[in-house]
Amino acid sequence: MNRYIARHFNIEEASRVPYSYRYLIPTLPATLAAARFLRRVLHEETQLGPAGQVALVGRRIVGTPIQGRSRVRLSPKLMS
C-alpha cells in the first residue's frame, strides 16, 4: 500500500497508530459510560502499542501530491 501511495504522493510521515478501539464503536450504546470505556481502551492501546504489547493496526500517512500526477482515489481495499 505504501509503495502505491508513494507513486502519487511525497510521503512526509508514515506511522502506525491505534485503530482497534474503533471496532468497538458500533457495538456500544450511545451513553456517557460507553464513551468513557472507549476512551480507556484508546488510552490503553496508545500506551501498549509502542511497548509492543499490542499491534497498532492503524496507519497515518501524511503527504503532498506529486506535481504532474493525476488525482488518485484510493480504493477501500488499499485502505484496509
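1. Helices (H or I, at least four residues) and strands (E, at least two) are DSSP runs, numbered from the N terminus. His8 lies in the loop that separates helix H1 (2-6) from strand E1 (9-17). This is a predicted model, in which local features need pLDDT of at least 70 and side-chain atom pairs count only at pLDDT 80 or more, while totals for chains, interfaces and linings use all residues. Residues are numbered from 1 along each chain as its sequence is written, and side-chain values use heavy atoms, with hydrogens and water left out.

2. Overall make-up. The protein has three helices and two strands. Read from the N terminus, the order of these elements is α-β-α-β-α.

3. Confidence. The score pLDDT is the predictor's confidence in each residue, from 0 to 100. Its mean over the protein is 88, and 85% of the residues reach 70 or more. Helix H2 has the highest confidence, at 97, and helix H3 (residues 76-79) the lowest, at a mean of 58. Where pLDDT is low, the predicted coordinates should not be read in detail.

4. Accessible areas come from the Shrake-Rupley method with a 1.4 Å probe, and for residues only the protein chains shown count as cover. The protein has an accessible surface of about 6600 Å², and carbon and sulfur atoms account for 54% of that. A residue is called buried under 20% relative accessible area, exposed over 50%, and partly exposed in between (1.4 Å probe, protein chains only). Of the 80 residues in the protein, 14% are buried.

5. Contacts along the chain. Contact means heavy atoms within 4.5 Å. Taking contacts between residues at least 6 apart in sequence, 77% join residues at least 24 apart.

6. His8 and Thr64. These two residues are 56 apart in sequence, and their C-alpha atoms are 8.5 Å apart in space. His8 is buried, at a relative accessible area of 16%. Thr64 belongs to strand E2 and is partly exposed, at 33%. Neighbours within four places in sequence aside, Thr64 is in contact with His8, Phe9, Asn10 and Glu12.

7. The tyrosine pair. Rings of Phe, Tyr and Trp (its six-membered ring) pair if their centres lie within 6.5 Å; planes under 30 degrees apart count as stacked, over 60 as edge-to-face and the rest as tilted. One aromatic pair is counted by this rule. The ring centres of Tyr19 and Tyr23 are 5.7 Å apart and the planes stand at 75°, so the pair is edge-to-face. Tyr19 is partly exposed, at 33% relative accessibility, and Tyr23 is exposed, at 57%.

8. A nonpolar patch. Tyr19, Tyr23 and Val57 make a nonpolar surface patch of about 310 Å². Patches are made of residues with over 30% relative accessible area and no salt bridge, with like charges joined within 9 Å and nonpolar side chains (Val, Leu, Ile, Met, Phe, Trp, Tyr) within 5 Å. A salt bridge is a side-chain nitrogen of Lys or Arg within 4 Å of a carboxyl oxygen of Asp or Glu. Val57 sits in the loop between helix H2 (32-48) and strand E2 (58-65) and is partly exposed, at 42%.
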